[in-house]
Amino acid sequence: MRQKMRALMLVAPLLIFVVVTFIVPILSMLFRSVENDIVPNTIPGTVIALSQWDGSTGEPPQENVYRNLYIDLFKAEEAKQHTRLGTRLNYEQTGLSSLFRTTGRSLDDIGELWQDPLEDIDPNFEEGSFWFEMMSGTGGEDFLETRRELIATMSDEDMTGDVGFVPSMKIIEMLPWTARAYTDFALWAAIRDGDTVAEEDPWESVYGALGMDLTNPDTVSAINSYSGAGASALQAAAANLDQLPQFGFREAFTEEDKDWGSAKVWATIKLYSPSMTPGYFLNSVDMTLTPDGIEMKPDNQQIYTTLFTRTLIMALIITASCILLGYPVAWLLANLPMRTASILMILVLLPFWTSLLVRTSAWKVLLQQQGVINEILVWLGFVNDADRLILMNNATGTVIAMTHILLPFMILPLYSVMKTIPPSYQRAAKSLGATNWTAFWRVYFPQSVPGIGAGSILVFILAIGYYITPEIVGGTDGVFISNRIAYHISSSLNWGLAAALGSILLVVVLGLYWCYDKIVGIDNVKLGG
Amino acid sequence: MADGASNEAFVEFERVQKSYDGESLVVKDLNLTMPKGEFLTMLGPSGSGKTTCLMMLAGFETATHGDIRLGGVSINDIPPHKRGIGMVFQNYALFPHMTIAENLAFPLEVRKLGKAEQEEKVKRALDMVEMGSFGGRRPAQLSGGQQQRVALARALVFEPELVLMDEPLGALDKQLREKMQFEITHLAHQLGITTVYVTHDQTEALTMSDRVAVFDDGRIQQLAPPDKLYEAPENSFVAQFIGENNTLEGVVKEIKGNTCVVQLDGGEVIDAVPVNVSEVGERTRVSIRPERVEYNRDRLHEDAHTLKAEVLEFIYMGDIFRTRLRVAGNDEFIIKTRNAPDQVRLTPGTEIEIGWLAEDCRALDAT
């Protein structure tokens, strides 16, 4: 037991390193490819309200959804989260990003539609201290905590701390929208901005929310029999309903951008409301999730299946050309006299000591139309000056450069296997009457197959995930799926899609590995000895 | 020589030389003639050129100079696969990716024999080495001795007239080796095939062969049947290399026909058979086999020559006694006596008289 613990301690640094830098990222990637928390986290109220809506009618949702959207979006805008949500939804339907961005800018204007008349009715509504007094009370602790949690999830910020405000239970019951909007404001002002709630003027959304409450006849009658703080101002507002806007939030949103009235937009939001989504994976195989079910994307938008097939085929071509070029070299290495072999070995290893980028750039110099290879071919007269070979920025370039770069990974395992095949086998074959070719093909080659297997696995798996070389010499026809993954990670920032593509790649590689094990047997793979 | 062996030359080396680097010769002027059906062993220390000779015969090395003939035809320019020579390699060289049956069928397959004929021959060859039930196994699943038998069967399955064996028993333990030695010779004689066997183990060479070629320094030092080799070595290298041997150094005093007189460095004068000494005054090394020395007065032949000796060490070895003596200034003089009921056990420190027949005492070169 003690011995085992000690042994474990010895491997612990590596184990921890592997777990932290390898296993955790892979798991995180797998998770990210289906994760969709951002929609339910950013607009939680809207998502719940939207679940009642039947998108198949072609009608936009009810007023209730827009009210929730306003409350959700207003605090999201304060936390600058609404653009992220827009970006996320834009993956599924173009135009949603700008819709959220522009709407975010006009949320204050929408609130002011109610704020201005309310302040005209009773100037008390201008005062932050008046609002604080009216909203404060007892019994709203649970309500405060619920809102605190929602806002923390939405903004991904630490929202713990004293707010200096507890909503009144009476107000929560009487003015539910206003209580939500004001509590959100109080939390944000106290904790994120570090202000005293009583001294701050409330958000425009609070006025909007009061407007929402005042449309409810039950609320109006409750206000009229209400006698707590701010009762007179509320009763004045209730008495002058005709001064408030005579339209709802659906109209207000649609006025800002007519897309808010589109059932299609809402269908997309509803479709991506759950916190897990198959959307990224469907995207990765050129499909899309529509309200009518899973559909293929239009032909002109299908790229990923093409890229996956291309990656697989080109990785196979590269592996095959590595075998063709590497086998004779490995054979020479294993059979030449020691001195010559070690010089050859240095030549094989030399590329390893050169930066990958330098090697690839060197291929750029060689392969371009005005490059070394074309110049020589033209000079020798094999190729017309007018139609020089296009060796770069296409699949040919990628295959040439990657074969060269991955060649050592084929040669080294082949060499180490060939080194263990005693020359007496071929001699025995010849003494038994086999020609040189038969001796090689029937006796030597079968014994070198484990080396080919090991080299092929190495080269194929490296090739399938390669990215720098295709990026530099591949143009558009020669890029791999990894280039697309890199693009989504660093440029489009669609990490979910990148994760889904990566997961598919991982599964494909594991699947091929499994097939290889079934056909050749992984025990037959030798890297040496 | 085996029964039925003709005297017509089957394998011939004529003035064969081999050099790997173009400067030093590994094989120097090799001449050898083997009749059909003979079992010939090439014996020698490592680096003596015996394996090179075998490889030249097999076709894996080319002779730098000279002619190698098989059945009267020069095979210098014939590639190994057309020579039709069976070969057993040091580590058997059974193809690991094929079953035993496939290994045996390989030479038949490349000769394009029919499937049925292949099967029949493979079966016969496996039965011959008592491995009939192992056809479906892989070489790695067999023991060393079994692999050895399979290698032998594979070298014989296509019925070659000449079989070469390159230290085939080197990897086996002593008991198995002795058993296989017997089986190989038995099989070779039974099938009447000509065999060239390479080894550095002199016991193996003596027990198996019709004739033994002792190699040293790229030359055949002596080519003779085992008994001749042991009892009548032609030079001091062969005398030293084959079996145990006592040497006494001295100068030739007189040569008359079949005997010569040698004065040892200690002053004693003895009679010996002159082997490769030709003139009086030449330095010589006199060789006597330990078991030909007698100290029991009753058994001593009346013509035997006697010398004084001091017993230094007595070793009991079971079947024999081995006694180390000081004779004529040589501290390493060994005698071997059979452990018989009436045999005397010598005690160290005593002075005795030893003797031998002059014909057992051979005056050889001093180098």
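**Note on a predicted two-chain model**

1. Both faces of strand E6 (residues 85-88) of chain B are covered. B:Ile85 and B:Met87 lie on one side, B:Gly86 and B:Val88 lie on the other, and all of them are buried.

2. Which strand is joined to E6(B), and in what direction do the two run? The partner is strand E7 (residues 162-166) of chain B; four bridges join the two strands, which run parallel. Within this pair, B:Met87 stands opposite B:Leu164 in E7(B).

3. B:Ala213 deserves a separate remark. Leaving aside residues up to four places away in sequence, B:Ala213 touches B:Leu32, B:Leu40, B:Thr41, B:Met42, B:Leu43, B:Ile220 and B:Leu223.

4. Strand E1 (residues 9-18) of chain B can be followed in some detail. Six bridges join E1(B) to E2(B), and the two run antiparallel. Five bridges join E1(B) to strand E4 (residues 65-70) of chain B, again with an antiparallel course. B:Phe13 stands opposite B:Leu32 in E2(B) and also opposite B:Ile68 in E4(B). B:Val16 stands opposite B:Leu30 in E2(B).

5. Chain B as a whole may be summarised as follows. Its secondary structure comes to eight helices and 19 strands. Of its 367 residues, 41% count as buried. The C-alpha trace of chain B spans about 75 × 50 × 40 Å along its principal axes. Among the contacts in chain B with a separation of 6 or more, 65% are accounted for by residues 24 or more positions apart.

6. Where does H17(A) have a kink? A kink of about 35° lies at A:Gly326, shortly before the proline A:Pro328.

7. A:Gly326 is also among the buried residues of H17(A), which include A:Tyr304, A:Leu307, A:Phe308, A:Thr311 and A:Met314 as well. Further along, A:Cys322, A:Ala330 and A:Leu333 are buried too. The buried residues of H17(A) pack against helix H16 (279-284), helix H18 (338-349), helix H21 (395-418), H23, helix H25 (481-490) and H26 of chain A.

8. Helix H26 (residues 495-519) of chain A contains A:Cys515. Is A:Cys515 buried or exposed? A:Cys515 counts as exposed because it has 10 C-beta neighbours inside 10 Å, and the limit for an exposed residue is 12 or fewer. From C-alpha to C-alpha, A:Cys515 and A:Thr138 are 67 Å apart in space, and they are 377 residues apart in sequence.

9. Helix H15 (residues 263-271) of chain A has a run of buried residues: A:Trp266, A:Ala267, A:Thr268, A:Ile269 and A:Lys270. What covers the buried residues of H15(A)? The cover includes helix H3 (44-50), helix H5 (82-90) and helix H6 (96-121) of chain A.

10. The last point concerns the contact between the two chains. How many residues does each chain give? Chain A gives 14 residues and chain B gives 18 residues. On the side of chain A that touches chain B, the elements giving two or more residues are helix H22 (424-431) and helix H23 (436-464) of chain A. H22(A) gives the largest share of that side, six residues. By class, the side of chain A that touches chain B has six nonpolar, six polar and two charged residues.

Terms used. Residues are numbered from 1 along each chain as its sequence is written. Chains are lettered from A and ligands numbered from 1 in the order in which they are written. This is a predicted model: local features need pLDDT of at least 70, side-chain atom pairs count only at pLDDT 80 or more; totals for chains, interfaces and linings use all residues. Two residues are in contact if their C-beta atoms, placed from the backbone, lie within 7 Å. Ala, Val, Leu, Ile, Met, Phe, Trp, Tyr, Cys and Pro count as nonpolar, Asp, Glu, Lys and Arg as charged, and the others, Gly among them, as polar. Two strands pair if DSSP finds at least two bridges between them. A residue is buried if 20 or more other C-beta atoms lie within 10 Å of its own, exposed if 12 or fewer, and partly exposed in between; C-beta atoms are placed from the backbone. The bend at a residue is the angle between axes fitted to the seven residues ending there and the seven starting there.
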